[in-house]
Amino acid sequence: MPERRPFVRLPTDVYPVNYGLCLKPDLIDFTFEGKLEALVEVGEPGWPVDVTRMDLSEHGGVTQATNQIVMNCADIDIITASFAPQGGEEINATGFNYQNEDEKVTLSFPSSLQKGSGTLKIDFVGELNDKMKGFYRSKYTTSAGEVRYAAVTQFEATDARRAFPCWDEPAIKATFDITLIVPKDRVALSNMNVIDRKPYPEDGNLVEVKFATTPIMSTYLVAFVIGEYDYVESQSSDGVTVRVYTPVGKAEQGKFALEVATKTLPFYKDYFSVPYPLPKIDLIAIADFAAGAMENWGLVTYRETALLIDPKNSCSSSRQWVALVVGHELAHQWFGNLVTMEWWTHLWLNEGFASWIEYLCVDHCFPEYDIWTQFVSADYTRALDLDALDSSHPIEVNVGHPSEVDEIFDAISYSKGASVIRMLHNYIGDEDFRKGMNAYLLKFQHKNASTEDLWDCLEQASGKPIAAVMSSWTKQMGFPIIVVDQEQQGDDRILKISQKKFCASGPHNGEDCPSWMVPISICTSEDPKCTKLKVLLDRPETTITVSGVGPDQWIKINPGTVGFYRIQYSSSMLESLLPGVRDLSLQPVDRLGLQNDLFSLGNSRAGMISTVEVLKLMEAFVNEPNYTVWSDLSCNLGVLSSLLSHTDFHEEIQEFIRDLFTPIGLELGWDSKPGEGHLDALLRGLVLGKLGKAGHKPTLEEARRRFRDHVDGKQVLPADLRSPVYLTVLKHGDSATLDTMLKLHKQADMQEEKNRIERVLGAISAPDLIQKVLTFALSEEVRPQDTVSVIGGVAGSSKQGRKAAWKFVKDNWEELYNRYQGGFLISRLIKLSVDGFAIDKMAAEVKSFFESHPAPAAERTVQQCCENILLNAAWLKRDADDIHQYLLQRKAPPVLSCHPRRLLQPLPPSLQRGPPSIIAASAPPLSTDQSGRAERGDCLTNAFVMMLSCRALVVALLLCPVGGFLNSSEDDDNGVPEDWVLLHVVQGHIGAGNYSYLRLNHDGRIILHMQSLKGDADLYVSDKTLRPSFDTYKQAAVGHLRAGRGGGAGGLHQARGHRHLRPPVSQGERV
């Protein structure tokens, strides 16, 4: 990283006790006037934290007498300032010395300030800026089409100083008495409840609104909002008034968040055993808002899309997102607001904890969301990917200058922080964890604390070495890869376990290899849900004996995917786990973790395994029913697809994606079914979007049909289908499609719908249309915070889009940088624009550009992007040829040999007239001798029999490695008509773990595919496309392939030595 800028924290000789703050915003000229009357103490430090625990060398020091007051101040002009000691004469300041780079002002007085209490008065003016930080303006449009502005705040991390001069450090807490002078027809809100509202004597159009005194709190948690809003109101079971403020006319859209909030407050009160300390809490939707939300005490601000839910037009993922964000921000009311980090070094404690407990809260409110499995895909794996980089950082970062603070609002502070808290909670147990949390909150309420304070409380509650364990996770960057091998000794399984640092750039070499204290959990196939053994790995390697594990049982490390590490199994252990993926006996979260670990091992620069092996594993997920597992697979395939867009065989990976997602797509269909829930809706949207983007023709045709009906008003698309349909028609659309989509965007009254369209506009393929989308991103039609997602959508959709987006960012850098002023959105823009490149020279180009166009708040992001580009290039160079060959091999026809006693004959006319059939049966082994008889030897696997006709496809399928549906010899001809062709598939011995499945190809042909650890092939590709009437049959077939069993009217039926799979039968229908 670049050299750190010198920085000194504020002096400790003058500090605030109470801020009396009056602000008068002008919503026409975008300025504000302010008056500050602060009760301060002059002399020895003594604000209500244990200052002796702070490193005063970082501050300006403590002096016995001073004639200066140093405060934070940015973009504010001070008019007058004075100090009046208690009972003494008022002294006017003689000078204001602004240190703009450090965002400080020094007020100089003609004589030393008297020790003790005094009042500091400051009159000042400022600008309601358009940078979405400090005290700023937010644009909205009334129902009549008139553009108006609200005045709102966003102070975290260091922007309260843009609204009023203050001691803008989290440890310098005080109380606040806030008064706002606002237009009488506007709503005025702040942290506390209104205690007085009266006409403003100098202007009859204004009112003076006074709020109750706040608890002692940090400046970054202060908030005020002036604008036009409606609200819905309720009361939590513990008596707290809860309001959700919405744009005028949209109060109905606040009801879901209100329901979540009124459930959440009592949940946290019970969990922490500490009541919510304020009389009210308001949640408000802000039109222009950079972050997702902000936890201001008693007045939580949100993007509209993070708070508002339209019962008819909001999709399932939006409801889930709102629930999570509300849960996150309300957790901060205790963890962050009541007890606050001492300095930004401990930011992770706030954000990591809230990012963990939001899932606990949503799981309590909405257990049907299976939210903890989603945590692994959304947070855990995201953090692992970032933390594997050489340019990552520890959870605890020594922050100095304000420009450094924004850099640590990243996946390490949030997602890795949440992941290690989750690991810690699992290690301690819920009961002791809650005891420790209660002790922590009671001990430090209204004060400040550090990471070590939390460890102390949890250690006392649990009796475990929390500080020793956790310091290895918070004070050093990275994480270990756990390498596991096994040996069977009687009924015991001996595990050899070692740890080393996992690096995306390859194995960590050197004598100073870091190590971690790693909580290791172990389960077995006997009970995959139950942890059989727990150990703490506190050394580089160890040997563990797991008793009572037979040779035929598998062992899984890290059940629940709770420990923050990757796992590298020996080949025998991995092979034994794969049947658990196929038969779903492994828990969904563990199937996800296994796949994600292997993908990460494959795409590291070292290439610990081949990407081809990862692709083979992915094909084992054809039976997968879980949304989150599919979501993670989809994400990883998206990464691979982006990588292979740099090659000339990008279409082959699209075919792989089509093949993998088609069976689940066929099963789900387009329309929701009775009894389906939240996760089914999420899965359907994911799968259809993936198939549509990959060019699956039936999906594309149906998407276009539904899109036309939606645009024409014949049939409005359900909210859950809009994203996949929009994405599909744009990806394969033309200028008319784009124009239609932009028209829908302009007509949309709901921000969620606008965002939904903005995120997929970049999918358009034509170069001139890509430029049109990029130009649109900076137009007045797109809210400032959403420009980033439009540009990112272009960069992430294609090779052409990536180049165009990067050029657009360079060409418009001045405007973009000025818009976001170094906030975290600039880091996100950079990452989305360049992370997908895979050419070495692009890393040099990106580095060079940002050397000449500095972005201090994004320096670490730039370095991480350059590292990722180099990693992508190395990955492509290493594995591209092998991937290409594998993808070609998948399409090659199999080697088939006709049964020696059969000749190719037409199907009997009676069968030709019937519907297509799918018959599951057994067959001889895979290899035969010269006479055509089976060479059984040690081959225990079943083979495949295919009986083909011109009108009917009759396929023998096996779903298990040994003893499939039935075992029969080749001489058993019962049930096989003489005039059918019996084919032996000659692939060689496959071994344990083979499986097969039907898939519908993108062109409508049906394919029988076999996959195993040692070989795979398309065994049959039909020469004709399927009729639409086949839908009934394929649904039944896929359903039974997934279940692996039959029964009932549509089940497997045994007849003359074979089992037949038939579709459901309606009453009176002849089969």
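**Backbone geometry and a covered helix**

Ala 157 is situated in the loop that runs between β10 (147-154) and β11 (175-183). The peptide bond that joins Glu 156 to Ala 157 is cis, with omega at about 10°. The model is predicted. Most peptide bonds are trans, and most residues other than glycine have a negative phi.

**Residues with positive phi**

- Asp 370, although not a glycine, has a positive phi of about 50°.
- Asp 370 is placed in the loop between α3 (347-365) and α4 (371-387).
- Because its relative accessibility is 25%, Asp 370 counts as partly exposed; this class lies between under 20%, which is buried, and over 50%, which is exposed.
- Leu 584, a residue other than glycine, also has a positive phi, near 65°.
- The loop between α9 (571-582) and α10 (588-603) contains Leu 584.
- Leu 584 has a relative accessible area of 27%, so it is partly exposed.

- Helix α20 spans residues 787-795 and is mostly covered, with eight of its nine residues buried.
- The buried residues of α20 are Thr 787, Val 788, Val 790, Ile 791, Gly 792, Gly 793, Val 794 and Ala 795.
- The elements covering these buried residues include α18 (751-760) and α19 (767-777).
- Also among the elements that cover the buried residues of α20 are α21 (799-811), α22 (813-820) and α23 (824-834).

Methods
Residues are numbered from 1 along each chain as its sequence is written. This is a predicted model: local features need pLDDT of at least 70, side-chain atom pairs count only at pLDDT 80 or more; totals for chains, interfaces and linings use all residues. Side-chain values use heavy atoms; hydrogens and water are left out. Buried means under 20% relative accessible area, exposed over 50%, partly exposed in between (1.4 Å probe, protein chains only). Helices (H or I, at least four residues) and strands (E, at least two) are DSSP runs, numbered from the N terminus. Contact means heavy atoms within 4.5 Å.
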